[in-house]
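Hi,

Here is the structure I promised to pass on. Have a look first, then read my notes below.

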Amino acid sequence: MCLMQAGLWAATQVSRDHPPAGLPTEEDFSEVLTQVHEGFELGTLAGPAFARLRHSLGLAEEDYQAALGPGRPYLQFLSTSKSKASFFLSHDQRFFLKTLRSREVQALLAHLPRYVHHLQRHPHSLLARLLGVHSLRVARGKKKYFIVMQSVFYPAGRISERYDIKGCEVSRWVEPAPEGSLLVLVLKDLNFQGKTINLGPQRSWFLRQMELDTAFLRELNVLDYSLLMAFQRLHEDERGPGSSLIFRTARSIRGAQSTEESGAQNRRLLPDAPNALHIVDGPEHRYFLGLVDLTTVYGLRKRLEQLWKTLRYPGRTFSTVSPACYARRLCQWVEAHTE
């Protein structure tokens with residue numbers, strides 16, 4: 001953790017000292033910068049491309065550096081994920097770090113230009129905002145990779161429930177924490193049975209944006225992503241037309257290309273609050289929503305896994321299906337559980 005902090009501070013200093021200038025280039029997406037430190041080295045992959053993306057989100061490099069650099073330790077937490085990845089949060093819980101396999105990094109970088117273009121076309125997209133990809137090698141050990149992204153669950157102070165939704169049933173139950181426990185769990189599909197998301201007039205926007213984003217992931221041949229959701233009850237002064245809601249368009253997001261004339265822009269109401277891109281306010285609750293885990297490609301490995309699960313779980317739904325089926329099923333789940 002300390003090595004990650006020191007390495008990220010130095011890596012961000014490079015983008016502060018030499019911010020990308022001019023129009024984006026292919027080299028922005030292929031550049032690899034390796035910085036050698038005492039006892040370890042940290043690589044920054046596609047650094048200029050991610051620096052531009054952070055700028056387009058209105059994220060100041062000095063704030064990014066302060067949150068991820070040395071000072072206060074990251075928060076590490078246990079996950080119910082089967083990927084065996086390690087997960088960290090910056091001390092302010094604004095940024096999320098996750099280790100990745102080499103093949104996941106390769107897929108992410110291959111899709112990065114199209115991902116950036118999708119966010120330019122749809123600035124209010126539900127896709128998680130990826131902020132950096134790095135490698136870490138300690139002494140002569142094996143190189144490990146990790147990503148940095150905006151945390152969907154930020155600010156977390158008043159969040160009461162958290163869910164990871166894939167739209168299926170196999171292995172989609174988490175034993176809830178005992179009443180009164182301080183343990184924070186991310187629950188799954190089967191834990192959500194009998195509940196709904198009440199978005200009011202923003203439901204139509206949400207359903208449309210889910211269609212746009214999952215169609216994009218289907219085009220990338222990606223599956224096994226999750227819709228993260230969290231709930232926060234609104235205070236009385238946060239509800240209704242007199243609340244802090246303001247209407248924004250793509251022009252309010254720095255660096256974004258407004259495409260209203262072509263019909264590609266999908267507007268919505270954004271709350272005047274931190275992390276607004278992942279927040280939707282309903283009549284009674286504030287919902288934190290985002291699509292994460294965007295690096296699993298439907299290749300031979302996943303096709304064989306699908307065949308095995310079909311034999312192992314006849315008549316039941318599981319996560320490993322074709323990207324088209326996966327996208328359609330998750331959108332159907334959202335439509336059935338929103339009002």
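Before going on, some ground rules. This is a predicted model, where local features need pLDDT of at least 70 and side-chain atom pairs count only at pLDDT 80 or more, while totals for chains, interfaces and linings use all residues. Residues are numbered from 1 along each chain as its sequence is written, and side-chain values use heavy atoms, leaving out hydrogens and water. The H and S names are DSSP runs numbered from the N terminus: helices are H or I with at least four residues, strands are E with at least two.

Back to strand S14, which covers residues 285–292. Eight of its eight residues are buried, so the strand is largely enclosed by the rest of the structure. (Buried means under 20% relative accessible area, exposed means over 50%, and partly exposed is in between, using a 1.4 Å probe and protein chains only.) In a regular strand the side chains alternate between the two faces of the sheet. Here, His285, Tyr287, Leu289 and Leu291 point one way, and Arg286, Phe288, Gly290 and Val292 the other.

S14 pairs with S10 in the antiparallel sense over eight bridges. (Two strands pair if DSSP finds at least two bridges between them.) S14 also pairs with strand S13 (residues 279–281), again antiparallel, over three bridges. One of the partners there is Phe288, which bridges to Ile279. A hairpin of three residues joins S13 to S14.

Leu223 sits in it, between helix H6 (203–219) and strand S10 (226–233). Is Leu223 buried or exposed? It is buried, because its relative accessible area is 0%. Beyond its neighbours within four places in sequence, Leu223 is in contact with several residues, including Asp293, Val297, Lys302 and Tyr326 (contact means heavy atoms within 4.5 Å). Thr296 is 73 residues away from Leu223 in sequence, but the C-alpha atoms are 5.8 Å apart.

Now for another sheet to trace on screen. It is open, has seven strands in the order S1-S2-S6-S7-S5-S4-S3, and its pairing is antiparallel. S1 (32–37) and S3 (75–77) are the edge strands, each pairing on one side only. Within this sheet, S6 (residues 130–138) and S7 (residues 144–150) are joined by six bridges, and Leu130 has Met149 in S7 as its bridge partner. Helix H1 (residues 2–17) packs on the sheet, touching strands that include S1, S2 and S7, and its direction makes about 125° with that of S1. (Those directions are lines fitted to C-alpha atoms, for helices over the stretch in contact, with angles from 0 to 180 degrees between N-to-C directions.) Among the buried residues of H1 are Met4, Leu8 and Thr12.

Finally, the aromatic rings. A search of the whole structure finds twelve aromatic pairs. (Rings of Phe, Tyr and Trp, taking the six-membered ring of Trp, pair if their centres lie within 6.5 Å; planes under 30 degrees apart count as stacked, over 60 as edge-to-face, and the rest as tilted.) Phe87 and Phe96 make a tilted pair, 5.7 Å centre to centre with 45° between the planes. Phe87 counts as buried at 8% relative accessibility, and Phe96 does too at 17%. Tyr163, Phe192, Phe231, Tyr287 and Trp333 form one aromatic cluster.

Happy exploring!
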